[in-house]
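Q: I would like a close look at one part of this model, the packing of its aromatic side chains. Please give one connected account.

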Amino acid sequence: MNIQKNISLKSYNTFGIHVNAKRFVSIDALYNLQQLLKKEQQLFLISGGSNMLLTKDIEELVVHLNLKGISIDREHENAVHLTVNAGENWHEFVLWCIQQDYGGLENLSLIPGNVGTCPIQNIGAYGVEVKDTITKVKALEISSGKLITFSNADCEFGYRNSIFKNKVKGKYIITAVSFQLTKNVHKLNTSYGAIENELLQKNNTTPSIKDISNAVIAIRQSKLPDPKEIGNSGSFFKNPVISTALFEKLKNEYPKIPSYPISEEKIKVPAGWLIEQSGFKGKRFGEYGVHEKQALVLVNYGNASGKDIHKLAQTIQKTIKEKFAIDLEIEVNVI
Ligand code: EPU
């Protein structure tokens with residue numbers, strides 16, 4: 001194991017923020033990770049680095065999780081069970097599934113990050129959440145070095161949420177994720193407005209999983225910045241859930257406010273809309289700003305610091321609170 005000193009983490013996080021890692025190690029075998037845990041337990045884990053905002057240098061040993069490999073556990077006529085190691089790139093895995101005609105993940109095309117982190121925030125897009133296909137999550141317990149298997153129910157999945165963000169936060173290292181996907185007969189999810197429109201434009205009434213993936217890729221590319229070109233971490237905030245009473249009040253003032261009902265008492269409103277209404281969309285402050293096509297995404301144009309972006313996020317939160325009486329919650333992990 002090669003522990004390197006003073007490494008910049010700029011190329012290891014999709015925001016492209018430079019902070020210094022005092023010590024850094026890249027791990028590509030489970031055995032090496034288990035050996036490492038016997039000696040060191042104060043670790044800072046980094047995988048795809050797609051859901052974090054780094055605001056300071058990292059004092060702990062930075063462990064870059066680079067475990068690769070996909071294995072097919074079993075197959076039936078209409079289902080396949082796969083186990084994928086944590087360091088596989090998410091989008092490359094989705095494309096590989098589509099190539100094999102394995103269905104279920106096509107709506108989650110082009111989401112940045114690695115497979116190992118997909119359960120943590122239960123990634124979701126265009127009407128699908130990854131929890132619907134996950135069967136098991138394998139993780140190493142940091143304190144004991146033991147490999148533990150979490151069932152889908154054990155993961156306590158919710159909207160952008162799981163046990164790994166709550167009860168057991170910081171206690172485990174996810175090493176592999178198992179999925180159950182469809183074969184031959186797929187359950188397509190095209191109900192999301194933007195996908196419907198994209199397919200309609202192509203006169204496609206019998207889409208394949210590849211067509212859906214292509215539609216999602218086109219939608220995301222038209223709205224979301226490519227982290228390789230402009231540093232970002234996708235949705236910076238969660239879509240807030242508010243009371244129907246507050247929603248009715250806001251609707252009087254803003255008749256066009258979009259909404260998704262959750263229950264009789266609760267309604268979800270898009271954070272992107274609230275931020276746009278507050279005048280932040282497309283605003284640039286030197287090296288950082290709010291994306292011009294999707295106000296939910298904060299961006300680093302090159303040399304912003306994590307502190308700058310965090311400050312902007314706090315200004316947005318304060319403005320939304322004053323204007324709409326809504327608390328915006330940050331989705332990415334601020335370190
Ligand atoms: N909207 C605006 N202005 C904006 C952005 C959005 O008015 O700048 C309005 C749109 O017009 C639309 C509504 O907000 O009425 C919802 O917008 P959109 O469909 O783009 O989705 P979103 O709620 O902004 C969520 C996820 C995305 C995911 C999309 C598609 C969260 C926090 N974000 O965004 O996830 O791709 O739905 O399913 O739930 C991510 O997590 O990184 C991410 C991109």
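Are Phe 150 and Tyr 172 buried or exposed?

A: Phe 150 and Tyr 172 are both buried. The model is a predicted one, and the values below are computed from it.

The structure contains 15 aromatic pairs. One of them joins Phe 93 and Trp 96, which are stacked, with 6.5 Å from centre to centre and 20° between the planes. These two residues are three apart in helix H2 (residues 90-99), so about one helical turn separates them. Phe 93 counts as buried because its relative accessibility is 1%, under the 20% limit. Trp 96 has 24% relative accessibility and therefore counts as partly exposed.

Phe 150 and Tyr 172 also form an aromatic pair, here edge-to-face, with 5.0 Å from centre to centre and 85° between the planes. This pair links distant parts of the chain: Phe 150 is in strand S12 (residues 147-151), Tyr 172 is in strand S13 (residues 172-183), and the two are 22 residues apart.

Ring pairs also build a cluster, which consists of Trp 90, Phe 93, Trp 96, Tyr 102 and Phe 179.

Lys 268 lies over the face of Tyr 159, 3.4 Å from the ring centre. Arg 284 lies over the face of Tyr 301, at 3.8 Å from the ring centre.

H4 itself has 15 residues (209-223), which at 1.5 Å a residue should span 21 Å; its end C-alpha atoms are 21 Å apart, so the two values agree.

Asp 101 lies in the loop between H2 and S8. Although Asp 101 is not a glycine, its phi is positive, at about 65°. With a relative accessible area of 33%, Asp 101 is partly exposed. Asn 122 lies in the loop between S8 and S9. Its phi is also a positive value in a residue other than glycine, near 45°. Asn 122 has 0% relative accessibility and so counts as buried.

How values were computed: Residues are numbered from 1 along each chain as its sequence is written. This is a predicted model: local features need pLDDT of at least 70, side-chain atom pairs count only at pLDDT 80 or more; totals for chains, interfaces and linings use all residues. Side-chain values use heavy atoms; hydrogens and water are left out. Rings of Phe, Tyr and Trp (its six-membered ring) pair if their centres lie within 6.5 Å; planes under 30 degrees apart count as stacked, over 60 as edge-to-face and the rest as tilted. Helices (H or I, at least four residues) and strands (E, at least two) are DSSP runs, numbered from the N terminus. Buried means under 20% relative accessible area, exposed over 50%, partly exposed in between (1.4 Å probe, protein chains only). A charge sits over a ring if NZ of Lys or CZ of Arg is within 6 Å of the ring centre and within 35 degrees of the ring normal. The expected span of a helix is 1.5 Å times one less than its number of residues.
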